[in-house]
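I opened my notebook to look through this model from end to end. Here is what I looked up, entry by entry.

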Amino acid sequence: LLPGRPYSDTKVDLTAAPGLGPLKPTIVKTSPKEGQKPGTSGLRKKTKVFTQENYLENFVQSTFNAIVAAGTDITTGTLLIGGDGRYFNPEAIQTITKMAVANGVSRVWIGENGLLSTPAVSAIIREQGPTWKKAFGAFILTASHNPGGPEEDFGIKYNCENGGPAQEFLTDAMFENTKTITQYSICKSFPTIDLSKVGATRVEKAGLEVNVEVVSTASTHVALLESIFDFPAIQKLLDRPDFTMIYDSMHGVNGPYAREVFCKRFGLSEDTMMNSVPKDDFNGGHADPNLTYAKELIAVCGLDKKGLKIGMTDKQVPDFGAAADGDGDRNMILGKQFFVTPSDSLAIIAANSNKIPFFSAQGGLKSVARSMPTSGAVDLVAKDLNLSLFETPTGWKFFGNLMDSKDLFGGKDYTPLICGEESFGTGSNHIREKDGIWAVLAWLNILAAANSKPNKPLTSVEDIVKAHWKKYGRNYYVRYDFEGVDKAAATAMMAKMGEMREANTNKAVGAYTIATADIFEYNDPVDGSVSKNQGVRFLMADGSRVIFRLSGTAGSGATVRMYIEKYEADKEKLHLNVLDAVGDLIAVGLSLCDIKGFCGTDVPTVIT
Ligand code: G6P
Ligand code: ZN
């Protein structure tokens, strides 16, 4: 192997070295840009902000400086780059590649056509193979489910060697660097890579060698999924003449994965693939799989935006429907005119995990985890099956720590672990991101197992969910979002509820009694960190919950989320319309927060 490139010019002044040609770095003077603080989902801004001179470059250089300072050897190993296909992806990929080379990276992998889903990035980083040098990290170019295009959003996120998003100490260091940056390095004459063809570009000069390889978008992730699920059983289900499905990729990056699995492996027709061609503006849509934004799928599956049936005959409606978000990590699951809440989906996948080879082969599921606002449906499964249960703040990173407890922190092994959030994210420790297509295959695997006996009428998604409620009771659940409200007003509203928590405890409200009112705080059992102020909770004496949070991913202004959950064990009351079942609790929630008084509205913009 030829030596890697030193990261800074303190050791060897490569800029002055003769004969480097396309490997000669140029040092470009720059100055700090405001507001480059990455959240856990990376740095997200309007595309117009990202396309300003040096904006992307400053952030990328700050990231390289931070990871090198943290001890990452970027001169060996591989840097992975890919994104969800949104506008400005191709340009950003070429810039990052040229900067990576200038910073001393000697191997780069890029997804074909620049496309890699967030879960696929995690899978590729984690892949250990004889022919592939392990990746030390990845840049993912995505703003997840936010709209894309020149007038919409762009984003960049760095994932580390474990396949998960950079930890806070690293994102903090990146941010600090963005505040003091004075220069960045770029190999201006490094060849522009043809992203449309899988294959390698090798550049050799003056004893240095750089390899850039365009890799298949889907193959590594699909191979991993094939090792997790019972594909032959799923094939039998899909081959049944009385089973039809549809999968909406919402013009995001999921299309190539869905087509690889369902058309290529399972032989389904292209008709089952909805919006499966990635578009750089997601066709003008909002690629977020929920009852509000996945309008087209909802209609095909015979539902309205409240999840209620619209007049269609059974035959017109597929037996199974699913959708993915822009970067392929979220999922929505539907049956025939039937919506499965993400909280129920998590509980049902956990309850049936013994049907999934990945879990049964490891001696069975060991733990489950959910974010605090996610319903307690999975708690009942954990109790029944004697699993460890974790309640974390909102954000996938908290699950990552649990998964890495043994290997990275020398603690207990909580794996195999299934985790999920009410925000349409589900997954397991097979990677370190949530995984949309994983959840879809998990459901198909469970359906396949329920239909393993030949010549029986189809056991449907609805049958499986109803049998689950019959056994465990039902956690009626609804989320109200109030988007674009005034940030100061929303913050004041949250503070007021926090201050009132003692006064509210043991108080009767409507038909309910508040047993505990508190502000959720999380003590991470793995790294000992404490996350304070993670939402206000009203825990009712009968087990119902009303929870308030400010979204951490809001575009402009603030988004208030109100989560309503009511547990029902009575077998006679398991099949009510959700909004009827929780109507009185919604009224209680609205009065407890007084959002009308603080923010001037009590009409939600989105209901899920
Ligand atoms: C992203 C994160 C999730 C989180 C979700 C909602 O998708 O990856 O972990 O649950 O945002 O966050 P929010 O703060 O907007 O409710
Ligand atoms: Zn996403």
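**Confidence.** I began with pLDDT, the predictor's confidence in each residue, from 0 to 100. The chain averages a pLDDT of 94, and 97% of the residues score at least 70. I then turned to residues 1-10, where pLDDT stays under 50. For this stretch the model has 25 contacts beyond four places in sequence, a contact being heavy atoms within 4.5 Å. I noted a caution for myself: where pLDDT is low, the predicted coordinates should not be read in detail.

**Ground rules.** This is a predicted model, so I kept in mind that local features need pLDDT of at least 70, that side-chain atom pairs count only at pLDDT 80 or more, and that totals for chains, interfaces and linings use all residues. Residues are numbered from 1 along each chain as its sequence is written, chains are lettered from A and ligands numbered from 1 in the order in which they are written, and side-chain values use heavy atoms, with hydrogens and water left out.

**Domains.** I found domain 1 (21-217), domain 2 (221-472) and domain 3 (474-607); the bounds come from an automatic or database domain assignment. Between domain 1 and domain 3, the C-alpha centres lie 38 Å apart.

**Ligand 1.** Which domains supply the shell around ligand 1? Domain 2 and domain 3 each give at least three residues. Among the surrounding residues I listed R330, W396, E421 and K434, using a heavy atom within 4 Å as the cut-off. By class, the shell has one nonpolar, six polar and five charged residues; here Ala, Val, Leu, Ile, Met, Phe, Trp, Tyr, Cys and Pro count as nonpolar, Asp, Glu, Lys and Arg as charged, and the others, Gly among them, as polar.

Next I checked polar contacts (N or O atoms within 3.5 Å). A polar side-chain atom of R549 is 2.8 Å from an oxygen atom of ligand 1. G552 uses a backbone N or O atom, 2.6 Å from a ligand oxygen, while R561 uses a side-chain N or O atom, also at 2.6 Å from an oxygen. The protein covers 91% of the 390 Å² of accessible area (Shrake-Rupley method, 1.4 Å probe) that ligand 1 has on its own.

**Backbone.** Most residues other than glycine have a negative phi, and most peptide bonds are trans. H251, not a glycine, has a positive phi of about 60°. A cis peptide bond joins T415 and P416, with omega about 0°.

Note on methods
Polar contact = N/O pair within 3.5 Å; in protein donor to acceptor, adjacent residues only side chain to side chain.
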